[in-house]
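Biologist: I am new to reading protein models. Could you take me through one, feature by feature?

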Amino acid sequence: MPTNGVPTRITQGSGTRGGIGESTLRPDGTLKVTGEFAYSSDMWHEDMLWGQILRSTVAHAEIVSIDTSEALALPGVYAVMTYDDLPTEVRNYGLEIQDTPVLAHGKVRHHGEPVAIVAADHPETARRATARIRVDYRELPVVTDEASATAPGAVLVHENRDDPHSRHVPHPNIVHRQPIVRGDVEAARRRADVVVEGEYTFGMQDQAFLGPESGLAVPEEDGGVHLYIATQWLHSDLRQIAPVLGLPEDRVRMTLAGVGGAFGGREDLSMQIHACLLALRTGKPVKIVYNRFESFFGHVHRHPARLFYEHGATADGRLTHVRCRIVLDGGAYASASPAVVGNASSLGVGPYRVDDVDIEAIALYTNNPPCGAMRGFGAVQACFAYEAQMDRLAARLGMDPVELRQLNAMEQGTLLPTGQPVDSPAPVAELLRRVKAMPMPPERQWESSEGADLRQLPGGLSNTTHGEGVVRGVGYAVGIKNVGFSEGFDDYSTARVRLEVAGGEPVAGVHTAMAEVGQGGVTVHAQIARTELGVGQVTIHPANTEVGSAGSTSASRQTYVTGGAVRNACELVRERVLDLGRRKFGSYHPAWATAELLLEGGKVVTDGGEVLADLVDVLGGEAVEIEEEWRHRPTEPFDLRTGQGNGHVQYSFAAHRAVVEVDTELGLVKVIELACAQDVGKALNPLSVIGQIQGGTTQGLGVAVMEEIVVDPRTAKVRNPSFTDYLIPTILDTPTIPVDMLELADDHAPYGLRGVGEAPTLSSTPAVLAAIRDATGLELNRTPVRPEHLTGTV
Amino acid sequence: MDFLRPASWEEALAAKAEHPAAVPIAGGTDVMVEINFDHRRPEHLMDLNRIGDLEEWEVGEDSVRLGASVPYAKIMEHLRAELPGLALASHTVASPQIRNRGGVGGNLGTASPAGDAHPALLAAGAEIEAESVRGTRRIPVDAFYTGVKRNALAPDELIRAVHIKKADGPQQYSKAGTRNAMVIAVCAFGLALHPETRTVRTGIGSAAPTPIRAQAAEEFLNAALEEGGFWDSGKIVTPSVAKRFADLCAAACNPIDDVRGTAGYRRHAVGVMARRTLTWTWESYRGAHRLTEGAA
C-alpha cells in the first residue's frame, strides 16, 4: 500500500551530538526514579503556614449560613476566609467561562466544592479548624444527566448565564452545542445497503496523576506574591489569579514547581488562588498540599459521555453516512467543556472518508463533578463509539474489520466533516496494515512445566484460574486527534534563547514558561538548541513568568509550538551570530559572504564542511539573546449551525491491536499485548516518543477495564475517591506494547513533527473493548467493562 | 493522641488494661490508612514493634503458632508447605511493601470481611491466641468474627498469635478483583482438604458481613465424598457433585452491592472459585494418592 509523505531532512546541526532525533536522556529521570526529585509537595519555607480547604459535603445546596468563629478560636489558626473575605469584585475564575467561584457564594453546585479556607501553623491544626467551621446547607434537587438537566422545570445549575455560548444553546443547562452538517444524510441513507445503530456509554475517567495538587505562595515586599506551583500553563493561571487578588499581573510572580503528572488535570486552577489569598491575608508563606482523597475533588475529570451513532454502508463496505449525537457531562462548571465539544463533534466520525454526516455534540451543566481536559480531550469518547460501530458494521457486512477500516480510511486531501482538508500525510490504512502485520503473541503463554504461570492469566497472582474459562480475543482500532489549540484560538509560544561563552565554551541558554509535566520538553528543547546552534552545552532555565507565555502543556502541542518557538529563536540567534562573524572575520575568507553557513560543533562552518571560525572567537565577550513569540498557522471557529470551518492545525494518528485473555466465567481480563503503530512525523527523541505512546496506551487500557469515578445518581456524590477503589493499571495489568513508529513529515510543522502524546490514548480503549467482544461475543456498549458486565451479574 | 511503646508483651498487656481503647499498631498497613484518612482518631496508639516474639513462628506437631506480626512475605517464603492456603492468600495481599509489613494479627484485629487471610484461616482451621492481664484464651476462628469489622476480643485483650492447623492435604485460595494485582477482594474463597479426618473446610471473604464458612456446602461435600468412596478411590469428583458444592457455596453468601462489585457477581464468582478450587485440590489429592499407592 503506498504511503504519501516523506521523512524530514536536516542539515544544520546534524553533526552535533545530542541533537534532535537522538534519544538523549531526561535530566530529571534519575532523580525521579530514585525519589530525589523535588515535587511541588516537597517545598518548604521558613515560617510557612499550611492552608486547608473546607469542601461541600453535598452536591447541590443553598448555603444558609457559615460560622467560622470556632475555627478562628483554635490556637495556631492565622486566618479563615469565606466568599465574603474575597478582596475584589472578581470572585470567579475559569479557563474560558468565568463561572467557577473562588469560594462558594450562597450555593454549592457539586460535591467537594471549596467553601472556606484556613491557614494554620500545622497541617493538622488547619484540618481541625476546617472541621470546626459550621455550614448550614439547604439541599436542592440534583441535575445528573441529560434527562434531568433538560426536563421541563429542571433546576438550573447556573442562573442568569451570560457567556459566549449562552445565546446559542437550546437550554441553560447546556454549556455548548456544536452541530456539524455536511452533504445530505437522508439521501445517502437511501443508498445504504446496511445501517447499524449503537448507543454507547463512556465512564468518568480521572487523570490520576501521582503528585497531588500543591504549591507555595510567598508574599513579597511590594505587596505582591510569588507562587511556586505545579501546573500545566503558568500564564493561564496568572491571568485568572491576578484579578481575584486585585493585583496587576507583574506583581504575581509564578515559578513552576516539580510537577508529578498532569494529563489535563492541571489545566484548571486548583489551590492557586487559595494559597495566594491566605499568604496575602497573613503576610506569611502558605503551602497547600491536597491528599489523595482531596485530589479526587480538586481537579476536573474526563467527561463521561453517552453517544448515539448510526453508520450506513453499501454492500461492498463503503460508508454512506454517519449520524451521531454525543452528550458529554460537563458537571457543575464549564472548564474546557466548549472545546471538548468542538473536538468530539469535529472528530466524531474518526479517520474515515464520509461525505454525508449529521453530527451533534453537547456538554451539559449538571451537579456531577466538573469535567474538563484530559489526554485525548473529546476525541477519546468519540473514538470508543465510532470504532465499536465500525466493528458492528464489519460484522453485519461479513467483512474483515481491518479491511473495512482500510477501505474507508482517510488520506491526505480527505475532507473532515467540517469541510477542512487534511493537508498532511494521513497514513491511516498503512498504520492498520502495520499493526496487523506484527507477529501475534504465542497462545497459552501461561503453560509451563511447573504448572500455570499465574502472571500470564486473568486474575494474576489472585489465583482465580489455571486456564479454565480463558478465551483469547483480538481487536483493532484507529483514531484521529487534533494537535494544538483549535477553533481560532491564538495558540502561540514564546522562547528566549541566549548564546554566550562561559568557561571558554559556547553555551546556549533556553528560557521558556513551558510546564514540564513529564512529557520531556526540557529534553527536547536542549536537543533543538544543540541542533540549531551547533553547541554541546545547553542550559534550560527554570520555567517562570519572567518570560512570555509558552501556552499550555496539553493538546499534544508543546514539542510543536514551544519546540517551534525555541527553534525559531535559535534561528534568529544563529543569524545574528553569523552577522557578528561576518563583521569580525568576513574579510579573512570569501566564504563568509558566499557560502551557506552552519553552526556545527561550536564552530562556524560552510555547508561544504570548511571551518571558518570558532564560536568562542565570534562571540568574544558578547551574548546574543532573542525572545520571540512563535505561532502555528491560524485556525477558524466552527460555524455554529453547520460546523464548517478550518478549525484544526494538525492531526495525529495511531492504530492499535489488542490481544486479551478473558476468563469468561469470572469476567476477568488480562490484556496480553497492545501493539501500536503511530505516525509521529519526526521523532525528536525516539525514546520519549515511545514512552508517550506506551503511557497513552496504558491510560487507554485503564479506562477500558477498570478506571471509573463512580457518582451516585441519586445524590451526585463521588463514591470512590481513593486509590483503593479508583483502580489504575499496575505493571501486572500492563501488557507488552510493541511500537511501530512511522515518520512522515508534516511540512507545516517544525521538523515535520507531529504531537504524539494523545493519539495512543484514543485507539487503545476501543481496541481492548473489541478484543473482549471477540473473546466473549458480548455487545459491551460501555467502558470501563467490569466483571459483572462479562458475567451477566449487573 | 498518645503513642505508647511497650518494651515487652507484659507491658503491652498492662497498657491495654489501662487504656482498653488503645489501638494496637504493628505493620500499620490498616491502622495508618484509617488515621491518614481521618476515619479514626484514637486517644492512644500502641506500637507493638518493640516486641520481637510477635514476629516469630513455631512449627509444631499439628499446628503452626504464627506470631501476630509475622509479615505476609515471611509466610510466603517459609510456611508454604505447612500453610499452603495462607501462603497463597498472602501472595494476593496488596504490594511487596505492604506484604513486608502487614501480618495476620492486623487482619484479625481489623476483622474486615475483605481481609485476605480470613478465608484461608477458616478453611485450614485456626485458633486465635488472645491474651490480657486476666489470662490467655484460644478463640476458634469460626467464633472470632462477630460482625462487620468486629471480633470476639475483649477490650483489654491483644492478639498474640494464631495457631493454624498444619495442612494434611491440598489447600487452595482464590480472590476475584478488578485488577490483576494490588486489589482489594471483590470476593475470595479458600478451600482445604483434610484427608486425615476426611473432611473439607471452606472460607469465604467479602461476600457476607463477616468472613464465613459455607457449612451446608461442606456437609454436602463431606457426605458425597464419603458415600462415593472418593477418599479411597481417588477418582475424579463427579461434575454434578462439584456443581452442587459450588451452588451451595454461592448460596452461603449474603453479599451487598457496593462500588467494588454487585451482590450478584459476588455470589456468582464464589461459585466459580469453589468449583475451580475443588478441582485443583482434588487433582492434587489424587496425584498424591496415586503416588502413595504406587509406593506401597
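Biologist: Which strands of chain A does α13(A) lie across?

Modeller: Keep in mind that this is a predicted model. Helix α13(A) lies across β21, β22 and β23 of chain A. Its direction runs at about 140° to β23(A).

Biologist: Which other helix packs on the sheet?

Modeller: That is α14 of chain A, residues 558-585. Helix α14(A) touches β21, β22 and β27 of chain A. Its direction makes about 40° with that of β21(A).

Biologist: How do I read the sheet itself? In what order do the four strands come?

Modeller: Start with the general idea. Strands of a sheet pair through backbone hydrogen bonds, either parallel or antiparallel. Now the case here. The order is β23-β22-β21-β27 in chain A. The sheet is open, and its pairing is mixed.

Biologist: Which are the edge strands?

Modeller: An edge strand pairs on one side only. Here the edges are β23 (537-540) and β27 (624-631) of chain A. On average, neighbouring strands of this sheet are turned by 20° against each other, direction ignored.

Biologist: How many bridges join β21 to β27 in chain A?

Modeller: Eight bridges join them, and the two strands run antiparallel. Strand β21(A) covers residues 492-502. Take one pair to look at: Ser493(A) has Trp630(A) in β27(A) as its bridge partner.

Biologist: Let us turn to a loop. Where is Val517(A)?

Modeller: Val517(A) is in the loop between β22 (505-511) and α13 (521-533) of chain A.

Biologist: Is Val517(A) buried or exposed?

Modeller: Count neighbours to decide. A residue is buried if 20 or more other C-beta atoms lie within 10 Å of its own. Val517(A) has 26 C-beta neighbours inside 10 Å, so Val517(A) counts as buried.

Biologist: Which residues does Val517(A) touch, leaving out those up to four places away in sequence?

Modeller: Val517(A) touches Gln232(A), Val259(A), Gly261(A), Ala262(A) and Thr553(A). Val517(A) and Ser554(A) are 37 residues apart along the chain, yet their C-alpha atoms are separated by 9.7 Å.

Biologist: What should I look for in the backbone?

Modeller: Look for exceptions. Most residues other than glycine have a negative phi, and most peptide bonds are trans.

Biologist: Which peptide bond in chain A is cis?

Modeller: The bond from Thr783(A) to Pro784(A) is cis, with omega near 0°. Pro784(A) is found in the loop between β31 (782-783) and α19 (787-791) of chain A.

Biologist: What is phi of Asn463(A), and what is phi of Lys149(B)?

Modeller: Asn463(A) has phi near 60°, a positive value in a residue other than glycine. Lys149(B) has phi near 55°, again positive in a residue other than glycine. Both are in loops. Asn463(A) is between α12 (428-437) and β20 (470-483) of chain A. Lys149(B) is between β8 (145-147) and β9 (150-151) of chain B.

Biologist: Is each of them buried or partly exposed?

Modeller: Asn463(A) has 23 other C-beta atoms within 10 Å, so Asn463(A) is buried. Lys149(B) has 15 C-beta neighbours inside 10 Å, so Lys149(B) counts as partly exposed.

Biologist: Now chain B as a whole. How many helices and strands does chain B have?

Modeller: Chain B has 11 helices and 13 strands. Of its 296 residues, 51% count as buried. A compact globule with 296 residues would have a radius of gyration near 19 Å. Chain B has 19 Å, which agrees.

Biologist: Which domains does the assignment give for chain B?

Modeller: The assignment gives domain 1 (2-165) and domain 2 (171-295). Their centres are 25 Å apart, taken over C-alpha atoms. The contact takes 23 residues from domain 1 and 23 residues from domain 2 of chain B. On the side of domain 1, α4, α7 (118-124) and β8 of chain B give two or more residues. The largest share, seven residues, comes from α7(B).

Key
Residues numbered from 1 in each chain as written. Chains lettered and ligands numbered in written order. Predicted model: local features only at pLDDT ≥ 70, side-chain atom pairs only at ≥ 80, totals over all residues. Rg over C-alpha atoms; globule rule 2.2 N^0.38 Å. Buried ≥ 20, exposed ≤ 12 C-beta atoms within 10 Å, placed from the backbone. Contact = placed C-beta atoms within 7 Å. Domains from an automatic or database assignment. Pairing = 2+ DSSP bridges. Axes fitted to C-alpha atoms, helices over the stretch in contact; angles between N-to-C directions.
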